[in-house]
There are 2 protein chains.
Amino acid sequence: MSAQLEWVAVDWGTSNLRAWGIDADGSVAFSRSSPEGMGRLSREQYPEVLTSLLAGTGSDGVSEVLICGMAGARQGWMEAPYLDAPADLATLASGAVAPDMPGGLEPRILPGVCLREVGAEDVMRGEETQLLGLASLSPGFSGLVVMPGTHSKWAQVDGTTLRRFSSAMTGELFEVIRAHSVLRHSLDGELEGEDRDTGFDAGLDQGLSRPGRLTAALFKVRAGALLTARSPAWCAGFLSGLLIGAEIGGQKDWIQAGREIPLIGGVSLCGLYQIAFGKLGVASRVVDATDATLAGLKAARQG
Amino acid sequence: MSAQLEWVAVDWGTSNLRAWGIDADGSVAFSRSSPEGMGRLSREQYPEVLTSLLAGTGSDGVSEVLICGMAGARQGWMEAPYLDAPADLATLASGAVAPDMPGGLEPRILPGVCLREVGAEDVMRGEETQLLGLASLSPGFSGLVVMPGTHSKWAQVDGTTLRRFSSAMTGELFEVIRAHSVLRHSLDGELEGEDRDTGFDAGLDQGLSRPGRLTAALFKVRAGALLTARSPAWCAGFLSGLLIGAEIGGQKDWIQAGREIPLIGGVSLCGLYQIAFGKLGVASRVVDATDATLAGLKAARQG
């Protein structure tokens with residue numbers, strides 16, 4: 001049989017909530033997920049949502065719950081004030097807050113990290129835990145880490161120290177442009193298929209080589225659809241490649257020659273970033289986001 | 001009394017429809033406008049909408065109607081195929097199409113212009129008529145013309161010849177980001193006031209100097225609001241300045257030293273572009289969009 005269940009690890013993001021029961025030997029005893037992310041909850045709902053999520057998991061005797069992510073935002077369960085970068089992520093737990101909760105659970109919420117440098121202001125909540133996880137999974141790593149997503153993060157780390165970071169709105173721009181701009185007319189239809197790869201490649205080249213022309217290049221999606229009957233799949237690929245290319249092309253000065261870049265995120269999105277970095281001759285490797293989050297929560301608990 | 005009413009000039013855009021009765025001496029006898037732009041009309045509705053718009057204007061005996069804009073798009077009244085750039089805009093009317101219409105009106109719709117250069121594909125409908133108008137208002141002008149708007153156009157002209165052009169999605173990006181992205185939380189409130197100018201100036205500096213960092217700089221709006229309690233007005237100004245700055249900063253190579261740039265568009269938006277070009281030491285002057293459209297329709301009719 002498995003070791004004794006010891007604590008519960010929770011990743012409470014904007015759109016999703018995930019929990020893992022962790023045994024004394026560090027193995028995962030159970031996992032649960034729900035769409036009840038911060039974005040749809042009022043403050044009072046958190047205790048009940050957490051209780052329901054853990055019902056029937058055999059965690060009745062367990063009190064310790066360690067949470068990372070947007071539950072600690074101002075509009076979340078309880079605000080966990082940001083640590084200031086540069087920050088030693090090994091001390092994350094010292095900045096945790098402990099909301100009151102009826103029943104036997106004693107949750108703590110880890111803080112996010114902010115950068116107050118004028119003109120480079122930035123914030124993260126959740127990614128700092130993944131970065132701590134990377135330091136645990138790859139001891140001694142230092143350099144650039146890229147975390148593709150709705151708000152992609154580029155972080156400069158040195159072991160458990162987060163030196164600086166920058167967010168790019170790549171994923172969110174893709175979504176709002178696809179759904180709400182005039183380009184939606186060119187993106188109405190089947191978005192997958194071979195054409196998508198060709199479009200992605202063309203957009204990537206444009207974004208990487210001329211990131212400063214992004215607002216002009218975006219309109220090329222529409223013009224290309226009108227003039228050369230580009231398919232919706234080609235247009236979707238071009239838009240994706242253009243935005244990813246512009247994110248990377250505009251921040252080339254963060255890249256250190258000859259250093260492999262860990263990409264933390266979903267496997268398929270990270271795959272697109274690997275293609276992009278590959279075009280620049282830069283090696284990268286994918287670190288599964290869930291692995292990083294779990295390793296980070298474990299390390300934060302021990303820190 | 002005024003001269004005899006001779007023809008009707010029409011600007012039929014995506015969101016608006018405007019018509020002017022023109023006397024034999026070129027003066028404007030009447031003007032009408034309506035929100036019945038191409039975006040909300042099906043093909044069959046155009047004749048009736050035009051008839052209604054002109055009812056009671058004293059134009060009963062007039063048959064000639066010259067139309068520019070999106071009415072000539074594929075999804076408009078009747079497609080007027082694009083002229084290819086480089087194009088002599090003085091010949092615009094030769095590419096006009098004449099939809100059938102009951103009653104005494106004989107409408108003609110002017111074509112737009114496209115650029116088929118691979119990787120620089122672009123289209124315009126309506127702006128080509130304004131550029132012909134500029135050639136008429138400022139005979140002999142050659143150089144860069146900038147047309148701020150939903151899809152800003154940068155055009156290289158030489159008299160009535162349109163050599164090349166490029167569209168930037170600046171205005172539309174502002175709208176979809178303001179309404180649909182996470183930045184909406186920072187833009188919820190009073191958007192006017194002194195703070196807006198300060199934010200505009202900060203965003204402009206960032207966009208002009210680092211257009212390639214646009215997707216990262218966008219997130220600074222959110223981070224700035226969270227960390228330094230920036231007001232919604234400041235954030236709106238920053239977003240506007242950033243997008244205008246990135247449009248201009250990314251296309252600096254179009255600017256010719258020592259040449260004044262005509263800006264065709266609404267007076268207040270053009271004013272923002274004047275501030276932006278001023279920061280680069282580039283002189284510009286505003287040409288009212290309606291003046292340019294009317295001059296262009298007159299010139300096209302005579303061409």
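Biologist: How many residues in the lining of the largest cavity are nonpolar, how many polar and how many charged?

Modeller: The lining of the largest cavity divides into three nonpolar, two polar and two charged residues, where Ala, Val, Leu, Ile, Met, Phe, Trp, Tyr, Cys and Pro count as nonpolar, Asp, Glu, Lys and Arg as charged, and the others as polar. This is a predicted model, in which local features need pLDDT of at least 70 and side-chain atom pairs count only at pLDDT 80 or more, whereas totals for chains, interfaces and linings use all residues, and side-chain values use heavy atoms, leaving out hydrogens and water. Residues are numbered from 1 along each chain as its sequence is written, and chains are lettered from A and ligands numbered from 1 in the order in which they are written.

Biologist: Why is such a space called a cavity?

Modeller: It is called a cavity because, on a 1 Å grid over the protein atoms alone, a 1.4 Å probe fits there but cannot get out. The largest one holds about 40 Å³ of space, and its lining, made of residues with an atom within 4 Å of a point, is Gly143(B), Leu144(B), Ile255(B), Gln256(B), Arg259(B), Glu260(B) and Ile261(B).

Biologist: What lines the second largest cavity?

Modeller: The second largest cavity, with a volume of about 30 Å³, has among its lining residues Phe141(A), Ser142(A) and Arg259(A). Strand E10 (residues 142–147) of chain A gives the most to this lining, with three residues, and by class the lining has three nonpolar, three polar and two charged residues.

Biologist: Why are the two copies said to be related as by a two-fold rotation axis?

Modeller: Superposed by least squares on the C-alpha atoms of residues with pLDDT of at least 70 in both, chain A can be laid on chain B with an RMSD of 0.0 Å by a turn of 180 degrees and a shift of 0.0 Å along the axis. The two copies are therefore related as by a two-fold rotation axis. Of the residues of chain A, Gly212(A) comes closest to that axis, at 1.8 Å (C-alpha).

Note on methods. On a 1 Å grid over the protein atoms alone, a cavity is a set of points where a 1.4 Å probe fits but cannot get out, and a pocket is an open set with protein on both sides within 12 Å along at least five of seven lines; lining residues have an atom within 4 Å of a point. Grid points are joined across faces, edges and corners, and a volume is the space filled by probe spheres set on the points. Helices (H or I, at least four residues) and strands (E, at least two) are DSSP runs, numbered from the N terminus.
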